[in-house]
Amino acid sequence: ANSVNTGTLNTNSITTTSAGGNILLGTSVNDGGGFNVLIGKECGENNIGNSNVAIGDDSLNENTAGAKNVCIGAGSGLKIDDGGGTAGDGDENICIGFQSGDNLTTGRGNVFIGQGNFGSATGDNQLVIAAGDAAVTWINGDSNGNVLIGRASAVSTNKDPLVEIDGYISFDGFIERAGTGGSDNGGNVMN
């Protein structure tokens with residue numbers, strides 16, 4: 001037998017699964033997928049995906065076929081791939097913190113650190129770093145590689161910025177513009 005499923009002392013302490021390679025600790029965890037580590041009450045309860053790591057009560061709870069996810073914290077990644085979507089839906093997400101990314105469903109390749117929700121439940125390649133109580137979001141990133149610091153949405157501009165900062169910037173050193181040509185280059189140190 002390649003899987004170990006440990007519940008309370010009043011139930012069977014060791015069971016096996018045909019999928020194999022699972023480490024399951026807690027009550028109502030699902031051994032339908034393969035090569036998963038699921039630790040916590042109802043952690044991965046509906047999981048049939050492979051190569052997931054979920055630690056914390058209800059983490060990755062509604063996952064059906066999502067694979068290669070890492071969810072650490074109670075309720076983290078709660079709804080990832082909750083409808084048995086198409087292949088690749090709900091794969092390769094990282095959610096760290098209490099209820100982090102708990103609104104994410106079919107998104108892929110997302111990273112959430114802290115408590116709260118992604119801007120899009122179905123978006124791919126999003127980044128959110130937020131306060132533990134979801135009251136403050138420090139950094140947002142989108143699938144185009146844009147990074148927002150201290151703001152929730154990008155400012156409309158024709159310059160295609162990769163980094164937007166709302167607030168004051170303090171630094172010790174120099175900032176130079178590395179562009180070549182273009183009417184806005186003009187020898188400015190900052191533009």
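Mentor: Start with cysteine 71, which is buried at 0% relative accessibility. Buried means under 20% relative accessible area, exposed over 50%, and partly exposed in between, with a 1.4 Å probe and protein chains only. Before we go on, this is a predicted model: local features need pLDDT of at least 70, side-chain atom pairs count only at pLDDT 80 or more, and totals for chains, interfaces and linings use all residues. Residues are numbered from 1 along each chain as its sequence is written, and side-chain values use heavy atoms, leaving out hydrogens and water.

Trainee: How far is the sulfur of cysteine 71 from the closest cysteine sulfur?
Mentor: It is 4.4 Å away, in cysteine 95, so that is too far for a bond.

Trainee: And cysteine 43, buried or exposed?
Mentor: Cysteine 43 is buried, at 0% relative accessible area. Its closest cysteine sulfur is in cysteine 71, 8.5 Å off, and therefore too far for a bond.

Trainee: New topic. How many salt bridges does a search of the whole structure find?
Mentor: Two. The term means a side-chain nitrogen of Lys or Arg within 4 Å of a carboxyl oxygen of Asp or Glu.

Trainee: What does glutamate 92 form with lysine 68?
Mentor: A salt bridge, with the closest N and O atoms 3.7 Å apart. The two sit 24 residues apart and link distant parts of the chain. Lysine 68 is in the loop between β4 (53–55) and β5 (70–72), and glutamate 92 is in the loop between β5 and β6 (94–96). Strands are DSSP runs of E, at least two residues, and they are numbered from the N terminus.

Trainee: Which residue does arginine 108 bridge to?
Mentor: Glutamate 92, with the closest N and O atoms 3.3 Å apart. Arginine 108 lies in the loop between β6 and β7 (111–113), 16 residues from glutamate 92. Together, Lys68, Glu92 and Arg108 are linked in a network of salt bridges.

Trainee: Are those residues buried or partly exposed?
Mentor: Partly exposed: glutamate 92 at 34%, lysine 68 at 47% and arginine 108 at 32%.

Trainee: Which residues make the nonpolar surface patch?
Mentor: Ile55, Ile72, Ile94, Ile96 and Ile113, covering about 340 Å². Patch residues have over 30% relative accessible area and no salt bridge; nonpolar side chains (Val, Leu, Ile, Met, Phe, Trp, Tyr) are joined within 5 Å, like charges within 9 Å. Isoleucine 113 is in strand β7 and is partly exposed at 36%.

Note on methods: Helix = DSSP H or I, 4+ residues; strand = E, 2+ residues; numbered from the N terminus. Areas by Shrake-Rupley, 256 points an atom, 1.4 Å probe, with all protein chains shown as cover. Disulfide = S-S within 2.5 Å.
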